Amino acid sequence: MPTVSVKRDLLFQALGRTFTDEEFDELCFEFGLELDEITSEKDIISREQGDQKASEASDVVLYKIDVPANRYDLLCLEGLVRGLQVFKDKMEAPRYSRVNPLNGDPQRLIITGETASVRPHAVAAVLRNITFTPERYDSFIELQEKLHQNICRRRTLVAIGTHDLDTISGPFTYTAKAPDDIRFKPLNQNQEYSATQLMGFYKTDSHLRHYLHIIEDEPLYPVIYDSNGIVLSMPPIINGDHSKISVNTKNVFIECTATDLTKAKIVLDMIVTMFSEHCDQPFTVEEAEVVYPDGRMVTYPELAYRTETLSADYINSKVGINETAESIAQLLTRMCLKSEVTSDGAEIQVEIPPTRSDVIHACDIMEDAAMAYGFNNITRTTPRTYTVANQFPLNKLTELLRLDLATAGFTEALTFALCSQEDIADKLQKNLKDTKAVHISNPKTAEFQVARTTLLPGLLKTLAANRKMPLPLKLFEISDVVLRDESTDVGARNSRRLCAVYYNKTPGFEVIHGLLDRVMQLLEVKPGRNHGYYIQAAEDSTYFPGRCAEIFSHGKSIGRLGVLHPDVINSFELTMPCSALDIDIEPFL
């Protein structure tokens, strides 16, 4: 959940009254938020960098408020105050509108075909005659950063650029050029750089270096020019210094370049709706035209309103309340969803404003109705369906075995369900194609490429991480492995396995064999070839030749035990002999 930091006194001034910390915490809870922390800039710096660094920091009290990740309209002071005021019936939800420029034609952003390979989409709008104060300006910048980290997915999907319109002239051109052909003075710098030089320059920047990877390997970099050839920005990295906004800026040109057009529209709507209240004509946004390479012309921002219809019975049954349609309509109106009952009184028409992009289905509306009603006000009832819970048999067997294996002197480990291809193949001297492994399509690290097909690599890694502990090391794990299985609907299945290892100066095969006998005793399986269990010599590349046995129960193979091959031990950076037991416990249910 994103955390929004707001100055307490500024927040109370905007709300028109003063709250105690407890009162405001209760208000946040009612509205579906959480007051996470009450602090100050000085306290934060003191905690992170020490008292000496914090000596000149501000003592102004800050409220840190946790906001649901899909409520983009609450990520700044303006939206937060507006939402709370409507919720407390202090004001009506504003109506946002798109207007034509008073003088001349709309600003125009022309997209060229070269952008198709990097960031093909762009939207734009103008905030005309806006009045900034230092607090409003900080909030404006902070909202952009919050959106970049949230819906924009760290600028990969959308990048926002805001410019002082009085310092530039349209029409604007959004194109893509070779890095060496782009040259401009970036934000807050004193000299010009080429795009290639900028990539090297920002490699050490604590903030911007995280975004360089988005375009640095592309042959062409996106760039926006005005009609005089002045660079507005090189998205998604940095804006130009020439058009930077300040507290004195009166007209703001906003452009969002994107790889996802839907997200770009939402981001643009959020910025203009949140700050249009500071314009001379509150809650109005000046339109801008975007011309696509194929000649299409689209006007932004959309600021689209739509209507959803649902019944009061649906909301009452899902939430567990018994309210009239008129009462539910009032509850939804308090959540900035203007609602009214239809003429026949059976249904509710709900108007979804452009600020509520999180409302997609009827269940989202139902959730807002429950929130406005108050979760604490919903009467607790006994479920109509009487059910008796019971432990899943496989989990019950697992818990019983865990307890007895620990009693036998083995320590339980809990390892990752994902591992590298090397762990289940090369290190165990297996062929990857023979492992029936389920591969991750987009692994984030080399350590998590496949779902494990055996518990052994995880235990051997745990041994390697604890080599300094006194010998012998005796570990076990009972968990699921994942195997490809074309006969299932998802193409894979889980299998509950038991794996144990014994690591000492001597292999300790007799210890592992004794553990097998104890497990079978617990499972009430007697030794015997027909209706019991037995072991039989086997060859397995993971185990030392002549020191491996296959385990059979009721005539079926359930696993193996033996002394691990020295190459396997070395591949996991171990130096002592090790014996292992690996069996499937599902057949014993």
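1. Arg155 lies in the loop between helix 5 (134-149) and strand 7 (158-164), where helices (H or I, at least four residues) and strands (E, at least two) are DSSP runs, numbered from the N terminus. Although Arg155 is not a glycine, it has a positive phi of about 70°. Its relative accessibility is 8%, so Arg155 counts as buried; here buried means under 20% relative accessible area, exposed means over 50%, and partly exposed lies in between, with a 1.4 Å probe and protein chains only. Please keep in mind that this is a predicted model, in which local features need pLDDT of at least 70 and side-chain atom pairs count only at pLDDT 80 or more, while totals for chains, interfaces and linings use all residues. Residues are numbered from 1 along each chain as its sequence is written, and side-chain values use heavy atoms, with hydrogens and water left out.

2. A positive phi, near 60°, is also found at Glu573, a residue other than glycine. Glu573 belongs to the loop between helix 15 and strand 29, and with a relative accessible area of 54% it is exposed.

3. Two cis peptide bonds deserve a look in the loops. One joins Tyr300 and Pro301, with omega about 0°, and Pro301 is placed in the loop between strand 17 (297-300) and strand 18 (306-311). Another joins Leu471 and Pro472, again with omega about 0°, and Pro472 is placed in the loop between helix 13 and strand 24.

4. Helix 13 (residues 456-465) is itself mostly covered, since 7 of its 10 residues are buried. These buried residues are Leu456, Pro457, Gly458, Leu459, Leu460, Leu463 and Ala464. The elements that cover them include helix 12 (421-424), strand 24 (473-484), strand 25 (492-503), strand 28 (556-564), helix 15 (566-571) and strand 29 (578-584).

5. Two packed helices are described by the angle between their axes and the distance between the axes. The axes of helix 1 (residues 8-15) and helix 4 (residues 77-87) come within 10 Å and cross at roughly 45°, the axes being lines fitted to C-alpha atoms, for helices over the stretch in contact, with angles that run from 0 to 180 degrees between N-to-C directions. That angle makes helix 1 oblique to helix 4, because angles under 35 degrees count as roughly parallel, over 145 as roughly antiparallel, 65 to 115 as roughly perpendicular and the rest as oblique. Leu10, Leu11, Ala14 and Leu15 of helix 1 make the contact with Leu77, Leu80, Val81, Leu84 and Gln85 of helix 4, where contact means heavy atoms within 4.5 Å.

6. Helix 11 (residues 393-407) and helix 14 (residues 509-522) pack at an angle of about 140°, and their axes are 11 Å apart. Helix 11 is therefore oblique to helix 14, and the crossing of helix 11 and helix 14 is right-handed. Leu401, Asp404 and Leu405 in helix 11 meet Leu515, Arg518, Val519 and Leu522 in helix 14. Asp404 counts as partly exposed, at 25% relative accessibility.

7. The aromatic pairs come to 15, by the rule that rings of Phe, Tyr and Trp (its six-membered ring) pair if their centres lie within 6.5 Å, with planes under 30 degrees apart counted as stacked, over 60 as edge-to-face and the rest as tilted. One of them is formed by Phe12 and Phe19, whose ring centres are 5.6 Å apart and whose planes stand at 50°, so the pair is tilted. Both Phe12 and Phe19 are buried. Tyr534 and Phe552 form a stacked pair, 5.2 Å centre to centre with 10° between the planes. This pair links distant parts of the chain, with Tyr534 in strand 26 (residues 533-537) and Phe552 in strand 27 (residues 543-553), 18 residues apart.

8. The charged end of Arg17 sits over the ring of Phe19, 3.9 Å from its centre; a charge sits over a ring if NZ of Lys or CZ of Arg is within 6 Å of the ring centre and within 35 degrees of the ring normal. Arg296 likewise lies over the face of Tyr292, at 4.3 Å from the ring centre.

Notes:
Left-handed = near helix turned anticlockwise from the far one by under 90°.
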